[in-house]
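Reader: I would like to learn how to read a structure like this one, step by step. Could you show it to me and then take me through it?

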Amino acid sequence: MADYYQEMGWRELEDGEQPNHLLHMARFLIDFGLYEDNFTGEWPRLPPAASKEAVKNLKEFVIEKESDKNCPICLKKFHLNDKAKEMPCQHLFHEKCILTWLDQTNSCPFCRFELPTDDEGYETFKKEKKRAEQRREDLETLHNSMFS
Ligand SMILES: [Zn+2]
Ligand SMILES: [Zn+2]
């Protein structure tokens, strides 16, 4: 029985947990062909600057030996004694380059890993986006389990 529920992408409720109304509603909507996701999921402009806190917490390095690696922002090599900073995604940049960059927008120029921002509107948008994605995943799981 437990396997059955897992296959359905459901699980038994834990103590004090409410049933997932969203999932039930989604099933209802799918059944009646009413489901439509109106959330477009795109932020209409460049995301805001990274939060000061997040920037402050980036790892700092001093380049200890010449290397062939380039900074993805200015495309110049890292030279001995250059100051560098590492993003949480482990991409390395000149300190000056990445600080200027993060002052404009919050994501890694190389892989678009996002740092938190101080912008409430944007943070709310990100949460909404995550919720919408989760909702899509729930629906997909549900859809697959019902129609495959
Ligand atoms: Zn650079
Ligand atoms: Zn990165």
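Author: Gladly! Let us start with one residue: C74 is partly exposed, with a relative accessible area of 28%. Keep in mind throughout that this is a predicted model.

Reader: And is C97 buried or exposed?

Author: C97 counts as buried, because its relative accessibility is 16% and the cut-off for buried is under 20%. For the protein chain as a whole, 26% of its 148 residues count as buried.

Reader: Which residues coordinate the zinc ion (ligand 1)?

Author: The zinc ion (ligand 1) is held by C71 through SG, C74 through SG, H94 through ND1 and C97 through SG, at 2.1 to 2.3 Å. Along the chain, these donors follow the spacing C-x2-C-x19-H-x2-C.

Reader: What geometry does the site of the zinc ion (ligand 1) have?

Author: First the general idea: the ideal angle for four tetrahedral donors at a metal is 109.5 degrees. Here the angles among the four donor atoms of the zinc ion (ligand 1) are 97 to 117 degrees, and the site is tetrahedral.

Reader: Now the fold, please. How many helices and strands does the protein chain have?

Author: There are five helices and three strands in the protein chain. Following the sequence, their pattern is α-α-α-β-β-β-α-α.

Reader: What is the order of the strands in the open sheet?

Author: In general, strands of a sheet pair through backbone hydrogen bonds, either parallel or antiparallel. In this model, three strands form an open sheet in the order β1-β2-β3, with antiparallel pairing. β1 and β3 (92-94) are the edge strands, each pairing on one side only. Neighbouring strands of this sheet are turned by 35 degrees against each other on average, direction ignored.

Reader: How many bridges join β2 and β3?

Author: β2 and β3 pair in the antiparallel sense over three bridges. Look for A84, which stands opposite H94 in β3; H94 also gives its ND1 atom to the zinc ion (ligand 1).

Reader: Where does α4 lie?

Author: Helix α4 lies across β1, β2 and β3, and runs at about 95 degrees to β3.

Reader: What can I say about contacts and surface for the protein chain?

Author: Among contacts with a separation of 6 or more in the protein chain, 51% are between residues 24 or more positions apart. The accessible surface comes to about 11100 Å², and carbon and sulfur atoms account for 51% of that area.

Note on methods
Residues are numbered from 1 along each chain as its sequence is written. Chains are lettered from A and ligands numbered from 1 in the order in which they are written. This is a predicted model: local features need pLDDT of at least 70, side-chain atom pairs count only at pLDDT 80 or more; totals for chains, interfaces and linings use all residues. Side-chain values use heavy atoms; hydrogens and water are left out. Donors are N, O and S atoms within 2.8 Å of the metal (3.2 Å for Na, K and Ca); water is not among the atoms, so sites may look incomplete. Four donors count as tetrahedral if all angles lie between 85 and 135 degrees; four count as square planar and six as octahedral if opposite donors are over 155 degrees apart and all others between 65 and 115; anything else is irregular. Buried means under 20% relative accessible area, exposed over 50%, partly exposed in between (1.4 Å probe, protein chains only). Helices (H or I, at least four residues) and strands (E, at least two) are DSSP runs, numbered from the N terminus. Contact means heavy atoms within 4.5 Å. Accessible areas come from the Shrake-Rupley method with a 1.4 Å probe; for residues, only the protein chains shown count as cover. Two strands pair if DSSP finds at least two bridges between them. Axes are lines fitted to C-alpha atoms, for helices over the stretch in contact, and angles run from 0 to 180 degrees between N-to-C directions.
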